[in-house]
Amino acid sequence: MKERETLASRLGFILLSAGCAIGLGNVWRFPYITGKYGGALFVLVYLFFLVALGLPIMVMEFSVGRASRQNVGRAFRTLEPAGTKWHWYGHVAIGGNYILMMFYAVISGWLLYYCFASLTGQFQGLDTAGVAGFFGSLTANPGKQFGWMAVAVVGSFAIVGIGLEKGVEKVTKVMMILLILLILVLAVNSVLLPGSGEGIKFYLLPDFSKVTESGFGEVVFAAMGQAFFTLSLGMGSMEIFGSYVDKRYSLTGEAVRIILLDTFVAIMSGLIIFPACFAYGVNPGAGPELLFITMPNIFNNMAGSRIWASLFFVFMSFAALSTLIAVFENIVSYWIDTHGWTRRRACLVNAIALVILCVPCILGFNLWSGFQPLGAGTGVLDLEDFIVSSTLLPLGSLLFLAFCCTKKGWSWENFLAEADTGNGLGFPRRLKLYIKWILPAIVLAIFIKGYYDIFSKMW
């Protein structure tokens, strides 16, 4: 049997895992809800839930991966007691990775196109309506979307095809280091803009009036949801990198470092967006409008607009592509581990498959725009995101919790032994009651609220 590939360095493991977690959610949603729910007060609640909610599940994913030395498609089968059926979820988890990529790759293509448009000066001279029209012309054009999505998919699979160490690890390390440098440059520029002080206050100073206005319960749920979804837990996206790492360091300490890096990018993204928005009197908003309409308008007001717009979209492209490469590695490793395919064959077949699978999301913005599955104003992307974010991530996390905490699964003692192997921070053994009963209840509450929020709007 061919020896399993491994990562060359500890830094590679941390940056790869962080690259998977760092993505659109750090810029698309985090700054907006931070401003909406009380600034620094929300950040504190969010950080609490990152540790209380995200950290344990991340350590469990890493532990299952390192103990099994298998992709999520075979990891449960390797560790489960004889006669149990935990392994059934492995194939569901991989299916979730495909669904995630069916819309994430399309948005990554948009970012690459905006990167090209910024570098070639296509936003210069456009007013607010012109920038909005630029984005509208992109989403209305299936061919243009398809072409840039294909560039993102084929390019990322080409990197995965080179190999784990020489391709995935080496390229992601460079992208992540450049991403951190870019975000620092962009944040410093925004903070130094005339009139940026009000944006910094709005973003980082506690605003209790907003907590009172929204209700503390809503603030808590918003923080819980953001902490949970930002780390992409429950579908084996972290588990795969645990399967490639050695046993020199304990997994809790590594997870803390990854979460700190993810949080740093999220908070710094707000320091790019809010000071600039307040400096030019622009409502920050959230989602596609923030990235593809608001930010180009802001850069058009800056001296050196072409440079700053280009740097921003290069930063966003790196954030998106690092996630693409990480998830593609998870998909490819499934076919290698489960079906014995070569890396080259797995990359080629899956590149073709995903280029085709992305078509419904593209058509949802134009030819299929009449299909509104989750109510007025929704489309194929919203449905795919709902399946992943509101269904598979929480249910998958519940399964990892049950698997690592029950005797009918892998068991608490086996999980602790693997998590604590190596030097570094140990997993708090005394939290068994919390991990086994309270944490699953929190995840279940997030799952129920996600469904309630969607379907209450439809009714």
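The dialogue below asks how some labels for this predicted model are reached.

Student: How are two packed helices described?

Tutor: Two packed helices are described by the angle between their axes and the distance between the axes.

Student: Why are H1 and H16 called roughly perpendicular?

Tutor: Take H1, residues 10–21, and H16, residues 305–339. They pack at about 110°, with axes 7 Å apart. Angles from 65 to 115 degrees count as roughly perpendicular. The angle of about 110° falls in that range, so H1 and H16 are roughly perpendicular.

Student: Which residues make that contact?

Tutor: H1 gives Leu16, Gly19 and Cys20. H16 gives Ala319, Ser322, Thr323, Ala326 and Val327. By class, five are nonpolar, three are polar and none is charged.

Student: Why is H5 called roughly parallel to H19?

Tutor: H5 covers residues 72–79, and H19 covers residues 380–405. Their angle is about 25°, with the axes 12 Å apart. Under 35 degrees counts as roughly parallel. The angle of about 25° passes, so H5 is roughly parallel to H19. The crossing of H5 and H19 is left-handed.

Student: Which residues of H5 and H19 meet?

Tutor: Val72, Phe76 and Leu79 of H5 meet Leu399, Phe400 and Phe403 of H19. By class, that contact has six nonpolar, no polar and no charged residues.

Student: How do you know that Asp337 is buried?

Tutor: Asp337 lies in H16. Its relative accessible area is 18%. Buried means under 20%, so Asp337 is buried.

Student: What does the side chain of Asp337 reach?

Tutor: The side chain of Asp337 reaches the backbone nitrogen of Asn71 at 2.9 Å. Leaving out residues up to four places away in sequence, Asp337 touches Arg4, Gln70, Asn71 and Arg74.

Student: Why does Arg69 count as partly exposed?

Tutor: Arg69 sits in the loop between H4 and H5. Its relative accessibility is 27%. Buried needs under 20%, and exposed needs over 50%. The value of 27% lies in between, so Arg69 counts as partly exposed. Arg69 has a phi near 55°, a positive value in a residue other than glycine.

Student: What makes Ser232 buried?

Tutor: Ser232 is in the loop between H12 and H13. Its relative accessibility is 17%. That is under the 20% cut-off, so Ser232 counts as buried. The phi of Ser232 is near 55°, a positive value in a residue other than glycine.

Student: Why does Gly364 count as buried?

Tutor: Gly364 lies in the loop between H18 and H19. At 12%, its relative accessibility is under 20%, so Gly364 counts as buried. Not counting residues up to four places away in sequence, Gly364 touches Ser369 and Val380.

Notes: Residues numbered from 1 in each chain as written. Predicted model: local features only at pLDDT ≥ 70, side-chain atom pairs only at ≥ 80, totals over all residues. Heavy atoms only, no water. Axes fitted to C-alpha atoms, helices over the stretch in contact; angles between N-to-C directions. Helix = DSSP H or I, 4+ residues; strand = E, 2+ residues; numbered from the N terminus. Parallel < 35°, antiparallel > 145°, perpendicular 65-115°, else oblique. Contact = heavy atoms within 4.5 Å. Nonpolar A, V, L, I, M, F, W, Y, C, P; charged D, E, K, R; others polar. Left-handed = near helix turned anticlockwise from the far one by under 90°. Buried < 20%, exposed > 50% of the residue type's maximum accessible area, 1.4 Å probe, protein only. Polar contact = N/O pair within 3.5 Å; in protein donor to acceptor, adjacent residues only side chain to side chain.
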